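Please look at the sequence and the model shown here, and keep both in view while reading about the ligand and the pockets.

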Amino acid sequence: MGKPKVATVWLEGCSGCHMSFLDLDEKLLDILSKIDLTVTPITDFKDYEFPEVDVGIIEGGIGNQEALEIARHLRERSGILVAWGDCAVFGGINTLRNWIPREEVLRRAYIETESTVSGVLPVHPELPALLDKVRPVNEVVSVDVFVPGCPPSPEAIAYSLTEILQGRLPVLPTELIHFD
Ligand code: SF4
């Protein structure tokens with residue numbers, strides 16, 4: 001049997017969760033030796049044609065149509081789906097816009113900012129439509145493992161992955177749920 005396949009995506013997030021994963025330093029080599037890392041921003045993939053994977057990992061919330069489709073697609077292709085970080089687990093800082101109508105958010109961002117001259121709303125078939133609200137991942141697909149934190153510490157990420165690789169669904173100890 002080959003190594004467990006893992007895919008990771010970075011949706012409406014800042015990349016900090018993936019940076020925390022890379023912050024594992026030497027321990028990263030140990031984890032990488034035990035998995036087959038397939039689609040991931042770490043390898044600079046440019047499309048979301050996921051293979052079937054044992055573990056799918058999502059960083060970021062769900063704020064636009066593309067993120068929604070990617071989350072659904074990864075859920076379908078993953079044995080275990082993991083939410084990495086507060087944006088994926090709770091919606092995170094992105095939810096600050098949830099109390100403001102979408103049209104107002106777009107108008108403020110693209111037309112009304114003080115530094116904007118002759119702003120226009122961007123419209124293009126390839127631009128994903130903004131959803132009315134930003135959602136945590138488990139509001140759009142089922143999630144098996146939650147690793148909160150902004151970002152989750154490298155230790156929390158290592159613990160959760162190690163538990164999964166040993167066939168257990170991780171329950172993070174309290175000391176790994178906050179960042180010192
Ligand atoms: S949880 Fe924090 S570190 Fe992770 S994507 Fe969101 S803002 Fe960035």
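A disulfide is a pair of cysteine sulfur atoms within 2.5 Å, and the structure holds zero disulfides. The model is a predicted one, in which local features need pLDDT of at least 70 and side-chain atom pairs count only at pLDDT 80 or more, while totals for chains, interfaces and linings use all residues. Residues are numbered from 1 along each chain as its sequence is written, and side-chain values use heavy atoms, with hydrogens and water left out.

Residues with a heavy atom within 4 Å of the ligand count as near, and those surrounding the ligand include Cys-14, Cys-17, Cys-87 and Cys-150. With exposed meaning over 50% relative accessible area (1.4 Å probe, protein chains only), Cys-14 is exposed at 64%, and Cys-150 is exposed at 63%. Helices are DSSP runs of H or I with at least four residues, numbered from the N terminus, and H4 (85-90) supplies the largest share of the shell around the ligand, three residues.

A pocket is an open set of points on a 1 Å grid over the protein atoms alone, where a 1.4 Å probe fits, with protein on both sides within 12 Å along at least five of seven lines; its lining residues have an atom within 4 Å of a point. A volume is the space filled by probe spheres set on the points, which are joined across faces, edges and corners.

| Pocket | Volume | Lining |
|---|---|---|
| Largest pocket | About 320 Å³ | 14 residues |
| Second largest pocket | About 160 Å³ | 15 residues |

Helix H5 (residues 102-112) gives the most to the lining of the largest pocket, with five residues.

Methods
Helix = DSSP H or I, 4+ residues; strand = E, 2+ residues; numbered from the N terminus. Buried < 20%, exposed > 50% of the residue type's maximum accessible area, 1.4 Å probe, protein only.
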